[in-house]
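Have a look at the model first.

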Amino acid sequence: MADYKVQFEVFEGPLDLLLYLIKKEEVDIYEVNLTQLASKFIEYVEVMRMLDLEIAGEFLVMASTLMYIKSRELLPRDQQVQNAEEDEGEDPRWELIRQLVEYKKFKDAAAQLQAREWAQENTFPRLPVRPEEPEPAAPRRAEASIFDLVNAVSEILKRVGQREDMREIFEDKWSVSEKIEFLLKEMAEKGALKFSALFTGATSRAEVICTFLALLELIRLKQLVCLQAADFGEIEITRAPVPDPGPDPAAAPADAPSETNLS
C-alpha cells in the first residue's frame, strides 16, 4: 500500500482548496483570516500527502506563500523584513485575495453555464396532446469534490486515533485491490452507502487509508460516485450511472423492409 498512489486526470488546484476553506468558514473573501486559513491549508496538504495522493507543486508554492503572509501578520511591523520586490507599505495578502476573487468569478460563471446545460437537458418541446402531469423531480445532488472527501476521511482518521482500544498496526494486512473487491461487493448488496459507514469496521489508521485509496480508484475508474445533498453535508456513495451507448449504427431500422428471397 505504501507505493500505491492515486492519480486523477483532473485534480482541483490550490485556489480551489482556498475557496473551499473560505466557504466552509462562511466568511467573505475580503474578511478572511489568512493566518487561520494558512494552518487549515497546510493541514489539508499534510492529509493528502499522508494518503499518498499526487500533490502538484502549486500546492507547496501556495503553502509557502500562506506561511510567508502568516509570518508577516504575526510579527510586529518594525521587525518585518521588507522584500525588495514589494512596494513600501504594500500588503502581500491583497494580491492573493485578488487572485481568489478573479478565480471565483470564473468558477461561478462555469457553474451557471453547467446549470443552464442541466436545465436544457430537461426541456422538451410541447406535444399535441397534453401529457400527464409528471411528479416533481428530486433535487439534484452535487458530486463531492476531492476536498470534501479529504475533509471527511480526515475526521474519520481523527476518531480512529482517539480510540483507546486502537493500536497502530505496522504490518500491511490489506491491499488496495482487496478493498476494491470489498467495496464492489458492498455496493452490489446495498446499492448505496454512507461515507462514514464505510469505515465502521476499520481497526486502524492504515485500514482507513487503504479503504479510502480503493474508493478513490473506483471513482477514477467511473464505477462509483460520491454525492452530497448540501454543501459539507453527509456524503453518499453510489454506483456511477451507466452511460447511454446510443443507437447502434449497424442495426437496421425497425421499420425497414426485410429482404425476401424470391427465387
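## How α6 and α7 cross

In this predicted model, the axes of helix α6 (residues 176-190) and α7 come within 8 Å and cross at roughly 70°. Since angles of 65 to 115 degrees count as roughly perpendicular, that makes α6 roughly perpendicular to α7. As for handedness, the α6 and α7 crossing is right-handed.

Who does the touching? On the α6 side, the contact is made by Val176, Lys179, Ile180, Leu183 and Leu184. On the α7 side, Glu207, Cys210, Thr211, Leu213, Ala214, Leu215, Glu217 and Leu218 take part.

## A closer look at α7

Helix α7 has 16 residues and spans 23 Å from first C-alpha to last, close to the 22 Å you'd expect at 1.5 Å a residue. Is α7 mostly covered or mostly open? Mostly covered: 14 of its 16 residues are buried.

After α7 comes lysine 222, and its phi is positive, near 60°.

## The nonpolar core

The largest nonpolar core holds 63 residues, and those with the most contacts inside it are Leu17, Leu18, Phe41, Leu149, Phe195, Phe199 and Leu215.

Over at leucine 17, if you skip its neighbours within four places in sequence, the contacts are Phe41, Tyr44, Met48, Phe59 and Phe147.

Note on methods: Residues numbered from 1 in each chain as written. Predicted model: local features only at pLDDT ≥ 70, side-chain atom pairs only at ≥ 80, totals over all residues. Heavy atoms only, no water. Core = buried A, V, L, I, M, F, W, Y, C linked by side-chain atoms within 4.5 Å. Buried < 20%, exposed > 50% of the residue type's maximum accessible area, 1.4 Å probe, protein only. Contact = heavy atoms within 4.5 Å. Helix = DSSP H or I, 4+ residues; strand = E, 2+ residues; numbered from the N terminus. Expected span 1.5 Å × (residues − 1). Axes fitted to C-alpha atoms, helices over the stretch in contact; angles between N-to-C directions. Parallel < 35°, antiparallel > 145°, perpendicular 65-115°, else oblique. Left-handed = near helix turned anticlockwise from the far one by under 90°.
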